[in-house]
Amino acid sequence: MELQTLTYIVVGATFALYIGIAIWARASSTREFYVAGTGVHPVANGMATAADWMSAASFISMAGLIAFLGYDASVYLMGWTGGYVLLALLLAPYLRKFGKFTVPEFIGDRFYSKGARLVAVICLIVASITYVIGQMKGVGVAFGRFLEVPFEIGVLVGMGIVFIYAVLGGMKGITYTQIAQYCVLIFAYTVPAIFISLNLTGNPLPQIGLGSAMSDGSGVLLLDKLDQVVTDLGFAAYTAQKGSSLNIFLLTLSLMIGTAGLPHVIVRFFTVPKVSDARVSAGWALVFIAILYTTAPAVGAMARLNLMDTIQTGEVGAADGNLVYEERPQWFKNWETTGLLQFEDKNGDGRIQYYNDKDEAFAAKAASYGWEGNEMVKVDRDIMVLANPEIAQLPNWVIALVAAGGLAAALSTAAGLLLAISSAISHDLLKGMIAPNISEKKELLASRIAMAGAIVVAGYLGMNPPGFAAQVVALAFGLAASSLFPALMMGIFNKKMNREGAIAGMLAGLTSTLVYIFWFKGWFFIPGTEMAANSPANWFMGISPEAFGAVGALINFLVATAVSKVTAAPPEEIQHLVEHIRVPKGAAAAVDH
Amino acid sequence: MSEQKNGQDYWKANLKLIGLCLAIWFVVSYLFGIILVDQLNAISIGGYRLGFWFAQQGSIYVFVVLIFFYAFRMNRLDRQFDVHEE
């Protein structure tokens with residue numbers, strides 16, 4: 001069957017499934033809309049959390065990042081998984097015991113302050129909106145590439161699907177569609193990986209294959225061969241550390257505490273029946289995430305090796321050592337038409353030379369071979385996952401599956417973010433501040449309207465991404481790491497932390513992180529307004545803007561502690577509240593809202 | 001034993017457990033995966049260099065085990081101090 005027809009069928013079938021679930025899982029109360037009636041089984045919640053968490057970036061871009069950064073990409077692998085340990089140990093069980101609907105609600109109640117709640121709402125909305133833009137873009141791109149529909153139409157279809165299950169079902173509808181989306185995306189990710197691992201190493205498990213010998217009979221280990229192949233062409237060794245240790249350390253820490261502080265992830269743990277379920281559910285979430293995150297390093301390394309071997313067919317420097325352009329494989333041509341692969345025959349020999357011309361020593365050597373610069377002028381990282389099935393010559397249905405998987409990853413994350421945004425608006429702003437006496441029915445209606453509004457805004461921004469769209473992941477994690485995570489943690493672990501300390505801490509953490517990011521990336525990301533070039537030489541102690549969230553969090557902790565020491569202790573009933581959330585007993589009573 | 005004292009002891013036991021888990025969390029990722037990566041890379045397990053393995057595989061496996069270990073031990077503590085849910 002034609003690839004495109006097949007893709008339509010597979011994607012269409014998954015969409016029909018999501019809509020079917022939406023009709024089955026309608027929400028009839030605010031408790032169902034915000035927290036799925038706190039009736040989600042911990043394993044099911046773990047699976048939904050994994051889909052919620054793994055975005056278009058995890059599915060499409062991460063393996064590509066690993067392929068080109070090698071060891072240095074470990075920051076993403078450890079950073080985006082280690083956060084779940086913090087979540088399980090430091091936040092999830094206590095916030096579940098607190099038993100309400102949103103993250104700002106906890107901050108507002110714990111610090112007896114509408115001001116604190118408002119700061120939390122603002123952090124949440126900024127972090128979530130910036131994050132959701134990327135998902136909407138991902139939906140548009142996936143449609144454009146696999147189904148050849150215009151980008152805007154792709155975004156509109158995606159909006160329509162999310163609209164149906166998120167507006168109808170709220171958290172309940174989102175949870176059950178996310179479970180289905182997880183199954184689709186993990187299947188689509190692991191099938192090509194298994195085939196490629198079998199191909200290269202003879203071992204079907206990518207996690208073992210990455211540490212195995214090549215199956216070509218040479219007995220050379222895959223990682224050694226990869227190191228050899230890339231260093232032969234002037235690139236840095238794959239398994240070697242290239243960035244500064246301090247920066248790698250802080251970036252990992254920022255991603256970890258950012259992960260633990262992201263509201264759309266935290267709120268997933270409000271949906272399980274018990275405190276003990278919240279703990280174990282974080283473990284299940286990480287199991288389901290780890291299946292993809294331990295496969296990704298294998299996909300990255302193997303795809304890189306395949307790419308290098310395809311182009312450098314013989315000995316480096318030999319006259320016939322490079323692929324003749326006219327003999328390039330079909331997948332190469334396919335991706336050239338998308339513009340994600342670009343070749344330019346600089347020395348006019350009709351062969352492709354792909355090497356690191358930024359490395360002076362190697363560039364000099366290359367010149368002696370008659371090479372006049374790297375001829376692969378563009379190798380987009382994203383094709384490492386997208387082109388994988390074609391490179392490994394897998395059947396068409398696998399390619400169709402990858403399209404459906406990418407869409408599932410983007411849609412599931414978008415829905416979780418949109419829910420966090422709409423509940424902050426209807427529950428924290430409307431019910432919590434503007435109209436406290438609103439009836440439940442009206443609040444439910446308001447939350448549906450807020451959801452619809454959030455979808456429209458996200459779709460609009462996805463189609464017209466502001467110039468800073470590429471920078472926003474750093475912003476979302478920086479905000480969550482420097483403002484929300486410390487406030488939540490101190491709210492639980494420091495009984496004496498008071499309103500003044502928490503607000504001062506959040507503002508100090510937030511401002512310092514924002515200023516540091518804007519300093520190197522331009523105020524509000526407006527090009528030309530940066531105060532210093534974004535390069536390691538200018539960074540404070542070599543800390544990149546993406547890695548500053550951990551420093552912002554430290555500033556938050558210090559300022560909050562200092563301010564709380566010199567201001568009045570929190571009222572007696574707040575200290576009782578803290579004692580109450582520290583023990584699991586009585587969680588059933590706490591949910592009565 | 002008064003209820004308040006019981007609550008405090010439970011919390012102390014919890015903090016101790018959290019401290020132990022976070023120490024392991026730190027060692028496998030930051031110490032083995034980042035700070036000591038070069039030294040550990042001199043050792044190999046299977047076809048992996050050990051430091052690289054911790055950074056891209058091992059730390060993730062340990063994280064998973066840690067969370068289940070914590071959940072299991074906390075359930076026991078909850079019962080021991082009689083603060084478990086019905």
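In the predicted model, 43 residues of chain A are in contact with 38 residues of chain B (contact: C-beta atoms, placed from the backbone, within 7 Å). H13(A) gives the most to the side of chain A that touches chain B, with 12 residues. Helices here are DSSP runs of H or I of at least four residues, and strands are runs of E of at least two, numbered from the N terminus. The chain A side divides into 25 nonpolar, 13 polar and 5 charged residues. Ala, Val, Leu, Ile, Met, Phe, Trp, Tyr, Cys and Pro count as nonpolar, Asp, Glu, Lys and Arg as charged, and the others, Gly among them, as polar.

The largest nonpolar core holds 230 residues. Such a core joins buried Ala, Val, Leu, Ile, Met, Phe, Trp, Tyr and Cys residues through C-beta atoms within 7 Å; buried means 20 or more other C-beta atoms within 10 Å of the residue's own. A:Leu185, A:Leu418 and B:Ile67 touch the most other members. Helix H13 (residues 275-311) of chain A gives the most to this core, with 21 residues.

Chain B comprises 3 helices and 2 strands. From the N terminus, their order is α-α-β-β-α. Its radius of gyration, over C-alpha atoms, is 18 Å, whereas a compact globule of 86 residues would have one near 12 Å (rule: 2.2 Å times the number of residues to the power 0.38). Buried residues make up 38% of chain B.

Residues are numbered from 1 along each chain as its sequence is written, and chains are lettered from A and ligands numbered from 1 in the order in which they are written. Local features need pLDDT of at least 70 and side-chain atom pairs count only at pLDDT 80 or more, while totals for chains, interfaces and linings use all residues.

Note on methods
Buried ≥ 20, exposed ≤ 12 C-beta atoms within 10 Å, placed from the backbone. Contact = placed C-beta atoms within 7 Å.
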